[in-house]
Amino acid sequence: MTSVDDQGRTEPPVDGDEAAILLGFLDFHRETLAWKCAGLDEAGLRATHPPATLTLGGLLKHLAYVEDYWFSCVLFDREPAEPWNAVDWRENPDWDWDSAARDSPGQLRGLWEGAVARSRELYAEALANGDLSQPSKHTRRDGTSPSLRWILVHMIEEYCRHNGHADLIREAIDGSTGE
């Protein structure tokens with residue numbers, strides 16, 4: 001049975017196999033970010049909570065990059081897609097955060113939603129051909145290849161951490177609070 005909370009987020013399953021639970025938590029935290037960014041215009045997505053310089057727009061763009069990086073570049077060892085492939089990351093390692101101020105709310109939401117959709121397709125492809133213990137195709141400098149399980153847990157951690165930031169920023173914008 002699927003349960004939806006007061007904010008419209010699908011609750012992760014309380015039973016099921018490991019993949020269903022991990023993917024349920026990842027989707028729950030993606031939906032949390034969407035909730036924290038919902039209804040905001042350009043000014044809202046560019047607002048900060050001083051002294052921090054993080055913005056909700058920057059979080060959307062950063063997490064779009066993180067989605068594409070881990071599921072495409074690491075899991076399948078594919079080249080970065082647009083717009084990431086045109087970025088000189090050595091010149092500006094914070095490009096995703098910095099450039100978000102030049103994007104419209106529609107561009108930011110579309111970029112993030114597209115990245116999430118591609119990620120869902122990629123981990124479905126991976127699960128159709130193996131289990132959570134399968135190593136990524138990309139080998140890191142130290143010779144290791146994180147497993148699909150590790151990537152999913154890392155993505156949950158990434159969203160949890162940034163959703164804490166999003167909660168504080170959103171409260172500073174309009175007083176909206178909630179987990």
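User: What share of the contacts in the protein between residues at least 6 apart in sequence join residues at least 24 apart?

Analyst: Start with the term: contact means heavy atoms within 4.5 Å. In this protein, 66% of the contacts between residues at least 6 apart in sequence join residues at least 24 apart. Keep in mind that this is a predicted model, in which local features need pLDDT of at least 70, side-chain atom pairs count only at pLDDT 80 or more, and totals for chains, interfaces and linings use all residues. Residues are numbered from 1 along each chain as its sequence is written, and side-chain values use heavy atoms, without hydrogens and water.

User: OK, how many helices and strands are there?

Analyst: Elements are DSSP runs numbered from the N terminus: helices are H or I with at least four residues, strands are E with at least two. By that rule you get 6 helices and 0 strands, in the order α-α-α-α-α-α from the N terminus. The radius of gyration is 17 Å, close to the 16 Å that the globule rule gives for 179 residues, so the protein is as compact as a globular protein of that length. That radius is taken over C-alpha atoms, and the rule is 2.2 Å times the number of residues to the power 0.38. Along the principal axes, the C-alpha atoms fill a box of roughly 45 × 45 × 25 Å.

User: And how many of the residues of the protein count as buried?

Analyst: Buried means under 20% relative accessible area, exposed over 50%, and partly exposed in between, with a 1.4 Å probe and protein chains only. Here, 41% of the 179 residues count as buried.

User: For a helix, what span should I expect for α1 at 1.5 Å a residue?

Analyst: The expected span is 1.5 Å times one less than the number of residues. The 20 residues of α1 should span 28 Å, and its end C-alpha atoms are 29 Å apart, which agrees. For α3 (residues 56–74), the 19 residues should span 27 Å against 25 Å between the end C-alpha atoms, which agrees too. Helix α6 (residues 148–174) has 27 residues and reaches 38 Å, close to the 39 Å expected.

User: How many of the residues of α3 are buried?

Analyst: 17 of its 19, so call α3 mostly covered.

User: Which helices do the buried residues of α1 pack against?

Analyst: The general idea first: an α-helix has 3.6 residues a turn, so residues three or four places apart point the same way. In α1, the buried residues include Ala19, Leu22, Leu26, Leu33 and Cys37. The buried residues of α1 pack against α2, α3, α5 and α6.

User: Take Leu26: which residues is Leu26 in contact with?

Analyst: Leu26 sits in α1 (residues 18–37) and counts as buried, at 0% relative accessibility. Leaving aside neighbours within four places in sequence, Leu26 is in contact with Phe71, Tyr123, Leu152, Met155, Ile156 and Tyr159. Tyr159 is 133 residues away in sequence, yet the C-alpha atoms of the pair are 7.7 Å apart.

User: Is Ile21 buried or partly exposed?

Analyst: Partly exposed, at a relative accessible area of 27%. Not counting residues up to four places away in sequence, Ile21 touches Pro13, Asp15 and Gly16.

User: What does Leu108 touch?

Analyst: Leu108 belongs to α5 (residues 105–128) and is buried, with a relative accessible area of 2%. Residues up to four places away aside, Leu108 touches Leu45, Gly57, Leu60, Lys61, Ala100 and Asp103. Leu108 and Ala64 are 44 residues apart in sequence, with 8.7 Å between their C-alpha atoms.

User: Now the backbone: which residues does a cis peptide bond join, with omega about 10°?

Analyst: Pro50 and Pro51; Pro51 is in the loop between α2 (42–46) and α3. The bond from Glu82 to Pro83 is also cis, with omega near 0°, and Pro83 is in the loop between α3 and α4 (95–99).

User: Which residue has a positive phi although it is not a glycine?

Analyst: Asp77, at about 55°. Asp77 sits in the loop between α3 and α4 and is partly exposed, at 44% relative accessible area.
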